[in-house]
Structures are given as structure tokens and as C-alpha cells.
Amino acid sequence: MTQTLIVLDFETTGMSPDQGARPTEAARVRIVNDSIVDCYQSLMNAGAHAPRFITKLTGITNAMVREAPGVDRVMRELHEFVGRHPVVAHNASFDRQFLEAEWLRLGLPLASTVLCSLRVSRRLYPEVPSHRLGALVEYPPLPRRGCSHRALADAEMTAHLWLRMTADIAWHFRYREVPLDLMQQLQSISRNQAVTYLESYRGRRGLTEFTGS
DNA sequence: TGCCAGGCCCTCTTTAGGGCCTT
């Protein structure tokens with residue numbers, strides 16, 4: 001069965017749309033089964049001013065944003081691209097609030113399940129000292145290109161992290177494939193329950209899920 | 001110059017507090 005996921009990352013002018021922050025850049029990475037099949041990013045002009053420390057963090061200047069396509073166009077295209085596919089983001093509550101705020105402004109619904117790579121990684125890798133995206137992709141190193149804190153680079157890192165987490169589950173718990181509902185449930189239980197859950201889930205699904213003994 | 005949000009999650013908890021993570 002084909003499984004498609006859309007990994008998203010936003011760069012913004014601040015931490016919260018409730019405080020007036022708007023997105024300045026969006027990136028999307030499409031994963032089909034266990035492969036990254038395409039990537040895209042676009043700056044966008046929402047007419048919001050980025051503070052100096054944000055420009056320093058992301059490298060995205062107000063001049064760059066002024067020359068970018070309008071936020072409505074970029075967000076409508078993103079809505080069409082995502083459709084009903086599940087969405088993955090690192091610390092998804094952050095990206096979700098901007099996604100929902102911008103789409104709500106345009107009268108567009110969020111029809112997707114939203115999954116959080118940060119929450120899953122905390123359950124799978126409790127021994128890791130930091131679950132920041134930049135730290136996780138070094139533990140051990142994953143493919144990366146571009147600059148951290150740019151949307152596409154971060155979305156690609158998140159995609160590689162997601163694929164590694166599903167591969168690790170498949171390897172350690174002998175799954176032939178890792179269903180999305182397993183990942184969804186995994187992020188909603190406590191860290192202490194994770195291993196027990198992964199083992200019991202395999203049992204409930206039956207022997208056909210085993211890759212071998 | 002220093003502070004700003006919100007959700008998650010752990011613990012010296014649950015009638016709370018504080019650290020982590022995102023820009």
C-alpha cells in the first residue's frame with residue numbers, strides 16, 4: 001500500500017500568530033513509502049516585519065521577503081499540495097499554529113493528521129541529550145544540505161529523521177513496514193510506555209508483520 | 001537591554017514548577 005507524507009517547515013517573523021507573527025518561508029518535502037520523492041520551498045510576503053534577531057537566525061531579510069510571492073498564493077498552493085495527506089513537522093505544534101492561522105484566514109480547512117517528529121524522537125531515543133533538530137540529525141549523522149533555520153534544509157532534515165525513526169522501529173521490533181497509525185499512537189503515549197507499546201502493537205498485528213526471526 | 005508564546009513532558013507532581021523546542 002502506498003503511503004504518502006508531507007513534511008513541512010515554516011520560517012516566521014516570531015513565535016506566535018496570536019502575537020502578530022507571520023510566515024516568511026515555507027518548505028515541503030514529500031515522502032512516498034520510505035523515499036523522499038520531491039522537495040520545494042518558497043519565500044512569501046505577508047507584509048510583516050522580521051526583527052533583526054530573526055534575520056540573523058534565518059538569513060531571511062525583509063528585502064528578500066518584499067520581493068517574494070504573496071502569502072495568499074503560497075499558502076493556497078500549499079493547501080492544494082497537502083490535500084488530505086498526513087503532515088509531519090519537528091515540534092509540530094509550532095508549524096501547525098501557523099498553518100491553521102494562515103489557512104483559516106483564507107477559509108481553507110486543515111484536513112490532515114499532523115504528526116510530530118520531536119514527540120516521536122523523545123520516545124524512541126530517550127538517551128539523546130538534546131532533541132533539537134540540528135542535534136538529532138548528528139546522532140548519528142544524517143544527510144543534510146543547506147543552512148539550518150532555512151525552511152527547506154530543516155524540512156529535509158526532518159524527513160530524514162522521520163525515515164530513520166521508522167527504519168529503527170522496523171529493525172528493532174521486526175516490522176515489515178511501519179504503519180502510520182503506529183507512529184500516531186506512539187506520539188500520544190508516555191515515554192515509559194513506548195517500548196511496551198511497540199511490542200504489543202506487533203503482537204496485535206500478527207506474525208505477518210515480522211521480517212523474520 | 002531584556003523580554004516576549006504555547007504546548008509538551010518530566011518530577012523533588014497532580015491544588016505546580018520548570019526545562020525543552022519551535023522562530
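**Cavities, pockets, sheet and a loop residue**

Author: By class, seven nonpolar, no polar and two charged residues make up the lining of the second largest cavity. The model is predicted: local features need pLDDT of at least 70 and side-chain atom pairs pLDDT 80 or more, while totals for chains, interfaces and linings use all residues. Residues are numbered from 1 along each chain as its sequence is written, chains are lettered from A and ligands numbered from 1 in the order in which they are written, and side-chain values use heavy atoms, without hydrogens and water.

Reader: What makes a lining residue count as nonpolar, polar or charged?

Author: Ala, Val, Leu, Ile, Met, Phe, Trp, Tyr, Cys and Pro are nonpolar, Asp, Glu, Lys and Arg are charged, and the others, Gly among them, are polar. The residues lining the second largest cavity are L8, F10, V87, A89, A92, D95, R96, L99 and V114. D95 and R96 are therefore charged under this scheme.

Reader: Why is such a space called a cavity and not a pocket?

Author: Rolling a probe the size of a water molecule over the atoms shows where empty space is left. On a 1 Å grid over the protein atoms alone, a cavity is a set of points where a 1.4 Å probe fits but cannot get out, whereas a pocket is an open set with protein on both sides within 12 Å along at least five of seven lines; lining residues have an atom within 4 Å of a point. The second largest cavity holds about 50 Å³ of space, a volume being the space filled by probe spheres set on the points, which are joined across faces, edges and corners.

Reader: Which elements supply at least two residues each to that lining?

Author: They are β1 (4–12), β4 (87–89) and α4, and α4 gives the largest share, four residues. Helices (H or I, at least four residues) and strands (E, at least two) are DSSP runs, numbered from the N terminus.

Reader: How many cavities of 30 Å³ or more are there, and what lines the largest?

Author: There are two. The largest, of about 60 Å³, is lined by A26, A27, R28, Y40, Q41, S42, V74, E77 and L78. Two or more of its lining residues come from each of β2 (23–32), β3 (35–43) and α3 (71–82).

Reader: Which residues lie nearest the centre of the largest pocket?

Author: D9, E11, F94, H149 and D154 do, out of 23 lining residues. The elements giving two or more residues are β1, α1 (52–58), α4, α6 (133–136) and α7 (151–173). This pocket has a volume of about 620 Å³, and its lining divides into nine nonpolar, nine polar and five charged residues. The second largest pocket has about 420 Å³; Q3, N33, D34, E177 and V178 are the closest to its centre among 18 lining residues.

Reader: What makes β1 a mostly covered strand?

Author: Buried means under 20% relative accessible area and exposed over 50%, with partly exposed in between (1.4 Å probe, protein chains only). Nine of the nine residues of β1 are buried. T4, I6, L8, F10 and T12 point one way from the strand, and L5, V7, D9 and E11 the other way.

Reader: Why are β3 and β5 said to stand at the edges?

Author: The open sheet has five strands in the order β3-β2-β1-β4-β5, with mixed pairing. β3 and β5 each have a single partner strand, so one side of each lacks a neighbour in the sheet.

Reader: Why is P109 called exposed?

Author: The relative accessible area of P109 is 53%, and the limit is over 50%, so P109 qualifies as exposed. P109 lies in the loop between α4 (92–105) and β5 (114–116). Leaving aside neighbours within four places in sequence, P109 is in contact (heavy atoms within 4.5 Å) with H79 and W103.

Definitions and conventions
Pairing = 2+ DSSP bridges.
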